[in-house]
Amino acid sequence: MRVGHGVDHLEIVAGEAMGGYADRLHGLSGVLDPLEIHAVTFADGERRFALIVADLVCVNSDVVERIRAAVRELGVDSCWVAATHTHAGPEAGCSPGGAPTPPELAERIVSAALRAAAAAFMDERDATVHTDRIQVPDLASRRHLPEWRAIDIPVDVIVVSSAGRVVGAVVVCPVHPTVLPADNHRASADLSGGIRRALRTDACWVVVATGAAGDISTRHTRRGRDQHEIDRLGTLVAARLHRTVHPADAPENASVVPAVSTRVRLAAKRPEEAVVSGGSGVTDERGRKVLEQGRRIARDLMARDHSEPYEIEVQAVGLDSVTLVAVPGELFLELGEKIRAAAAAPGIDVVVIGYANGYLGYLPSRDTPTSYETLVSPVTEGSGELVVAAAIDAAGKIMNRRKRDGRV
């Protein structure tokens, strides 16, 4: 297999609306750290897959399709586009159910993604791909709970080795990159950028994607809300990865198993799911404010009178012994772990990427306590489990192709 990496910066425009927080009053005023768009290409001589990860709050289907059309000219057979979900970048149409990408921003995203993909194509070299997983304590916790409970965060890394050394890594961290507060008005990749800075060297590129982070954030673990704290948390992840990540020997018959999709229909939120009585156990001022924002967004959703089901695509692709799964929304961590457990097989690891190939919003599971996440979701409770089933189905199709081709 041949693997390449490219990166380009996403230009920002002063005064441009920012995404992520509903109570922002001002647009972008400068740059704390540059927003980046990364591309990683995987080719086996017959087909080429590209993973593009952008420092945006979301990517909607319109810009995804434009990027796919643009990179097809480079010989890319299939392409995924994911957002890191930073809340310190331009507003990209990140509303429940998805929305059009602002036209001028879409032009910049597509242009930067194409340049990154072209650079990745030129960078391709013989390489091996394998995964590793670390557990990181004190990084984040379930944010919808009113008080902190210790949880080790599972961070996956797709390790790219060439000529006996690690030359690249795709880190998938299931944590909301929201260290910076709502009153920040400077562009930043936030936690994703902190992890990149802590890991990358002149000899090793690093891409950071966000996994099943729907209910996970640094709300109860962060000690500050500035770049110093971002870098402290990024170093927590890097310190664990440095201990475990090593190059791997080249496997025989390494290949790209073409991406497959499973479509799933999700029922729209019911009116009774759009209300909450009392404070739902929230005691701090910021928590109460966020819950009230959720109530307001839920009322707006109900005013749209959207009763038709939403239809999304959950996708999977095989990269040697790794199965990647892409979910176009915010899946809770527990559900991402269910996909991994059910779809893995001897010698095959599964990595779940969220915020990819479109944006529907939060995907609540059954019996989730009422919270901001459940209120602002456009779909009914239990939608998360339907997405899990679709993801397992897509990963199963990849496994069947491996068996048919004698790859397992």
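## Contact between α1 and α2

In this predicted model, helix α1 meets helix α2 through a defined set of residues. The α1 side supplies V63, R66, I67, A70 and V71. The α2 side supplies A106, E107, I109, V110, A113, L114 and A117.

Two packed helices are described by the angle between their axes and the distance between the axes. Here α1 covers residues 61-72 and α2 covers residues 103-123. Their axes stand 10 Å apart, at an angle of about 35°. The α1 and α2 crossing is right-handed.

## Overall fold and dimensions

The protein contains eight helices and 19 strands. Its C-alpha trace spans about 60 × 40 × 40 Å along the principal axes. The radius of gyration is 20 Å. A compact globule of 408 residues would have a value near 22 Å, so the protein agrees with that expectation.

## Burial and surface

How much of the protein is buried? Of its 408 residues, 58% count as buried. The accessible surface comes to about 16,100 Å². Carbon and sulfur atoms account for 49% of that surface.

## Two residues with positive phi

Most residues other than glycine have a negative phi. A163 has a positive phi of about 55°, although it is not a glycine. D320 also is not a glycine, and its phi is positive, at about 55°.

Where do these residues lie? A163 is in the loop between β9 (153-162) and β10 (165-173). D320 is in the loop between β15 (310-319) and β16 (322-326).

Is each one buried or exposed? A163 has a relative accessible area of 80%; the cut-off for exposed is over 50%, so A163 counts as exposed. D320 has a relative accessibility of 15%; buried means under 20%, so D320 counts as buried.

Methods. Residues are numbered from 1 along each chain as its sequence is written. This is a predicted model: local features need pLDDT of at least 70, side-chain atom pairs count only at pLDDT 80 or more; totals for chains, interfaces and linings use all residues. Side-chain values use heavy atoms; hydrogens and water are left out. Axes are lines fitted to C-alpha atoms, for helices over the stretch in contact, and angles run from 0 to 180 degrees between N-to-C directions. Helices (H or I, at least four residues) and strands (E, at least two) are DSSP runs, numbered from the N terminus. A crossing is left-handed if the near helix is turned anticlockwise from the far one by less than a right angle, and right-handed if clockwise. Contact means heavy atoms within 4.5 Å. The radius of gyration is taken over C-alpha atoms; the globule rule is 2.2 Å times the number of residues to the power 0.38. Buried means under 20% relative accessible area, exposed over 50%, partly exposed in between (1.4 Å probe, protein chains only). Accessible areas come from the Shrake-Rupley method with a 1.4 Å probe; for residues, only the protein chains shown count as cover.
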